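Trainee: Could you walk me through this one and show me how to read its features?

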Amino acid sequence: MKKLLLATCALLLLAGCGDAHAKIKSPNDVLVKVGKTSITKGNVYETMKTQAGSYHVISLSTKAILDAEVEVTEDMKKEANATLEQLRSSYGDGFATALSNNGYLSEEDFLNNSLLLSKRLSALTDKYIKENAEDLLKQYSPKKIAYVSFSEEETAHLAQLAAKDGQSLQDVATAFKSENAGNEQLVNTTTTIDAMIQSYIKTASTNDLSEVITGTDGKFYIVKIVEADIEKFKEEAITSLSSIAELSSISEKSFYKKYNFSIFDRDTYNSIKAEYPQYLEK
Amino acid sequence: MKDFLKKYGVIVIATTFFVCIIGYFAYDKTKDYLPSKKQDGADVVFSINNQNITADALFDDMYKAIGDKTIVQEIEKIVISESIVITDKMKEDAKNITSSVLSNFQNQYGAKYQDELSKILRSLGYNDYNDLEAYMLLSQQRNELMKQYVNNNIDTIYKPYAEENKPRTMSHILVKCVDSANPTDEEKAKMKQIDEELAKGTAFSDVATKFSDDTGSAVQGGSLGFMDAKTQFVPEFLEASLKLNDGETSEWVKTQFGFHKLQCGTTKFDDLKEMDELYNQLTTLDETIFTKAIWEKAKTLNIDFMGNDELKASVLKAFNVTE
């Protein structure tokens with residue numbers, strides 16, 4: 001009983017201890033004095049941390065990940081410089097002011113921390129896609145399809161018969177005045193197409209031709225599966241995954257986990273939990 | 001054992017209960033416990049890929065980007081707080097504005113309104129939504145500081161502005177027309193009735209309240225409040241407004257909305273100086289007025305950059321002043 005009481009008291013003491021609060025080394029150094037009040041390094045640190053701490057922590061962490069994962073190539077530099085040149089000429093004399101208004105210290109700062117950074121982030125997502133291609137292909141299930149759409153159901157049925165007889169969907173589109181051209185396209189589970197088409201594609205196989213599908217928008221669709229076997233267009237399928245918007249944040253999240261992103265300051269933890277919770281998921 | 005339980009049973013149960021309560025309390029307090037970390041005696045804020053980023057390194061990174069701006073904000077806060085005494089009216093106004101902002105945020109964001117408000121306040125250097133009233137109070141003090149600065153510099157600030165922009169207060173009575181180019185007999189009759197009331201000597205505000213089709217201003221006796229040459233009124237209305245002298249009433253002015261009878265309240269600085277809109281307009285047209293006001297006060301408070309000339313130069317640049 002005594003031991004139990006002692007252990008409980010120890011826990012109670014621990015509960016009374018404060019969380020981690022990382023402080024700078026000389027918080028009392030005075031930077032400016034105004035009247036009776038001093039602005040110390042500590043004041044400025046706390047204010048900056050409140051205003052933009054989480055942004056800077058994420059920005060520094062992302063740079064650390066990029067340094068470990070993505071080399072800056074000559075192509076990236078060339079592309080970034082070309083964009084810089086383009087912006088410089090379109091803004092003219094106002095370019096320096098525009099950069100300063102957006103928080104950049106110089107053109108070099110903008111080049112490294114915006115233009116090159118976005119190239120490196122894209123490269124990071126591409127790397128994640130390559131490393132996880134098999135799983136991602138299963139998850140997003142890319143397929144090559146073609147479809148035509150009509151506002152009249154009767155026209156759609158006639159068009160479906162023509163397609164069934166062997167006419168290509170492009171020819172059917174022209175002959176029956178489809179609202180789209182019936183061209184072949186690569187789609188995945190995130191592609192913005194009618195939910196009823198997505199539902200059909202999910203289980204269909206190569207060369208399948210749908211009956212007339214009534215879309216959620218009231219239009220009438222005919223879908224042809226051009227190729228459902230990923231092995232036959234794997235490289236193209238992998239490249240197409242980079243257009244999936246959510247993959248950039250999924251990729252970053254995975255690298256934060258890989259590089260063991262850990263926080264040792266309660267305020268920083270709370271602000272990141274509020275503004276960038278995805279990076280805290282373990 | 002049986003005898004022990006008979007003798008101390010109640011004590012055992014009470015103690016077990018007490019231990020469980022403390023245990024739960026301790027667990028609850030420590031479950032989200034964040035450990036601290038040090039590197040070479042310095043506090044670490046976060047680590048990634050085995051790199052420790054200390055508070056000092058984070059300070060340097062943030063300072064490079066927003067250090068000067070943060071110091072300028074801090075100077076502003078201190079100058080305002082030390083120069084302007086908080087009055088009861090300021091406290092009351094701050095309280096009222098705070099409740100109105102809270103209620104607007106609640107309507108707009110529902111259950112998440114505190115988070116949204118906290119985000120905005122954090123970007124202004126405050127901790128969270130609990131600081132809203134403090135922020136509003138500082139805004140009241142800030143307005144007062146501006147008033148004092150403008151009133152002390154009438155010749156250099158107010159007069160050039162007034163010559164160019166003709167500030168004044170204005171009221172109007174609107175007779176709405178379906179087609180302003182061809183008013184109906186009913187619309188014409190209403191205008192005639194208004195003219196007759198005014199000719200009888202009925203106060204403009206009373207006629208506006210009774211007859212104006214602009215329901216928003218009618219309840220204020222037709223008052224549109226402060227305006228100047230930059231106010232976004234339709235051109236015919238603006239032009240006619242600026243031609244009037246104190247107390248004058250215009251003929252009917254045709255606009256896309258119908259016909260307006262205008263009355264100029266005052267163009268006198270002594271009347272206008274009580275209106276917050278005047279100071280808002282002055283700072284909108286020239287935002288350096290506020291920074292100059294702050295710098296002037298900062299000098300009287302003997303601002304000292306502790307020998308850091310680089311910081312002093314950045315702050316002067318931000319305040320748009322030269323020494």
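**Reading the model**

Mentor: Let's start with Asn143(B), which sits in helix α5 (residues 132-152) of chain B; helices (H or I, at least four residues) and strands (E, at least two) are DSSP runs, numbered from the N terminus. This is a predicted model, where local features need pLDDT of at least 70, side-chain atom pairs count only at pLDDT 80 or more, and totals for chains, interfaces and linings use all residues. Residues are numbered from 1 along each chain as its sequence is written, chains are lettered from A and ligands numbered from 1 in the order in which they are written, and side-chain values use heavy atoms, with hydrogens and water left out.

Trainee: Is Asn143(B) buried, exposed or partly exposed?

Mentor: Buried means under 20% relative accessible area, exposed over 50%, and partly exposed in between (1.4 Å probe, protein chains only). Asn143(B) has 28%, so partly exposed is the label. Its C-alpha atom lies 8.6 Å from that of Asn280(B), 137 residues apart along the chain.

Trainee: Which nearest side chain of opposite charge does Glu187(B) have?

Mentor: For charges, Lys and Arg count as positive and Asp and Glu as negative, while His and the chain ends are not counted. A salt bridge needs a side-chain nitrogen of Lys or Arg within 4 Å of a carboxyl oxygen of Asp or Glu. For Glu187(B) the answer is Lys188(B), 8.5 Å away; Glu187(B) is buried and has no salt bridge. Glu187(B) belongs to helix α7 (residues 185-199) of chain B.

Trainee: How do I read the sheet in chain B?

Mentor: Strands of a sheet pair through backbone hydrogen bonds, either parallel or antiparallel. Two strands count as paired if DSSP finds at least two bridges between them. Here 4 strands make an open sheet in chain B, ordered β5-β4-β7-β6, with antiparallel pairing. β5 (223-227) and β6 (253-255) of chain B are at the edges with a single partner strand each, so one side of each has no neighbour in the sheet. Strands β4 (residues 168-176) and β7 (residues 258-264) of chain B share 7 bridges, and Ser171(B) stands opposite Gln263(B) in β7(B).

Trainee: How many salt bridges cross the interface of chain A and chain B?

Mentor: The rule finds 1: Glu275(A) with Arg122(B), their closest N and O atoms 3.7 Å apart. Buried area is the accessible area (1.4 Å probe) that two parts lose on being put together, summed over both. Chains A and B bury about 5,100 Å² between them, 71% of it on carbon and sulfur atoms.
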